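Welcome to my notebook. I am jotting down what I looked up here, one entry at a time.

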Amino acid sequence: EFRQVDLTVGIVRVINSQRFPMRILLVEDDRQLGEGLTEALTDEGHVVDWVTDGEMGWVQATDLTYDLMVLDVMLPKINGIHLCRRLREAGRRLPILMLTARDTNTDKVAGLDAGADDYVVKPFDLLELLARLRALLRRSTLGEAGTMLTWEHAQLDAATQIGRAHV
């Protein structure tokens with residue numbers, strides 16, 4: 001495991017090199033939940049960038065490329081609904097899962113109408129959340145059937161994450 005911490009910009013990046021990683025942006029201001037989700041996602045083999053406010057979420061999501069975003073609604077600086085809407089208006093198509101304590105039907109509709117692909121209410125079951133994230137990743141553009149990533153003599157099927165080496 002490799003940990004890269006840059007406290008000047010509030011980003012914690014954790015890399016687990018055991019599997020082919022997907023790059024996930026976690027925008028969550030609750031430190032305990034952020035640490036727990038970062039650990040769980042890293043254990044699943046993903047690269048996680050974790051930021052704690054909506055403004056940093058905007059900067060990260062517009063400056064870098066992510067396979068998926070996990071987004072809280074009640075965030076400092078820019079709330080998750082507004083951030084999601086801004087990302088969609090800017091043409092960002094990454095899958096977004098909203099993870100929030102806001103549990104009314106009106107809240108859920110607002111999140112989905114802002115452009116979220118899924119909406120999970122806290123408290124949540126970790127296994128169900130991980131399954132929902134896997135489903136979003138499978139449906140994402142990168143994971144479409146037939147997408148092959150090739151580098152020199154190696155190939156990786158993005159949908160199945162099965163690699164082949166031609167020697």
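This is a predicted model: local features need pLDDT of at least 70, side-chain atom pairs count only at pLDDT 80 or more; totals for chains, interfaces and linings use all residues.

Helices here are DSSP runs of H or I with at least four residues, numbered from the N terminus. With that in hand, I looked up Leu 129 and found it in helix 5 (residues 126–139).

**Entry: Leu 129**

Is Leu 129 buried or exposed? I read a relative accessibility of 1%, and buried means under 20%, so Leu 129 counts as buried. Next I asked which residues Leu 129 touches. Leaving out residues up to four places away in sequence, I listed Leu 37, Leu 97, Leu 99, Val 120 and Phe 124. I then followed up on Leu 99: it sits 30 residues from Leu 129 in sequence, and their C-alpha atoms are 9.1 Å apart.

**Entry: helix 2 and helix 3**

I moved on to helix 2 (residues 54–63) and helix 3 (residues 80–89), whose axes come within 10 Å and cross at roughly 20°. Angles under 35 degrees count as roughly parallel, so I noted these two helices as roughly parallel to each other. The crossing is right-handed. Helix 2 brings Gly 54, Gly 57, Trp 58, Ala 61 and Thr 62 to the contact, while helix 3 brings Leu 83, Arg 86 and Leu 87. I sorted these contact residues into 4 nonpolar, 3 polar and 1 charged.

**Entry: the buried side of helix 3**

Which residues of helix 3 are buried? I found Gly 80, Ile 81, Leu 83, Cys 84 and Leu 87. They lie on the same side of helix 3, because they cover an arc of only 165° around the axis. Their cover includes helix 2, strand 5 (68–71), strand 6 (96–100) and helix 4 (105–113).

Notes:
Residues are numbered from 1 along each chain as its sequence is written. Side-chain values use heavy atoms; hydrogens and water are left out. Axes are lines fitted to C-alpha atoms, for helices over the stretch in contact, and angles run from 0 to 180 degrees between N-to-C directions. Angles under 35 degrees count as roughly parallel, over 145 as roughly antiparallel, 65 to 115 as roughly perpendicular and the rest as oblique. A crossing is left-handed if the near helix is turned anticlockwise from the far one by less than a right angle, and right-handed if clockwise. Contact means heavy atoms within 4.5 Å. Ala, Val, Leu, Ile, Met, Phe, Trp, Tyr, Cys and Pro count as nonpolar, Asp, Glu, Lys and Arg as charged, and the others, Gly among them, as polar. Buried means under 20% relative accessible area, exposed over 50%, partly exposed in between (1.4 Å probe, protein chains only). The arc is that of the directions from the helix axis to the C-beta atoms.
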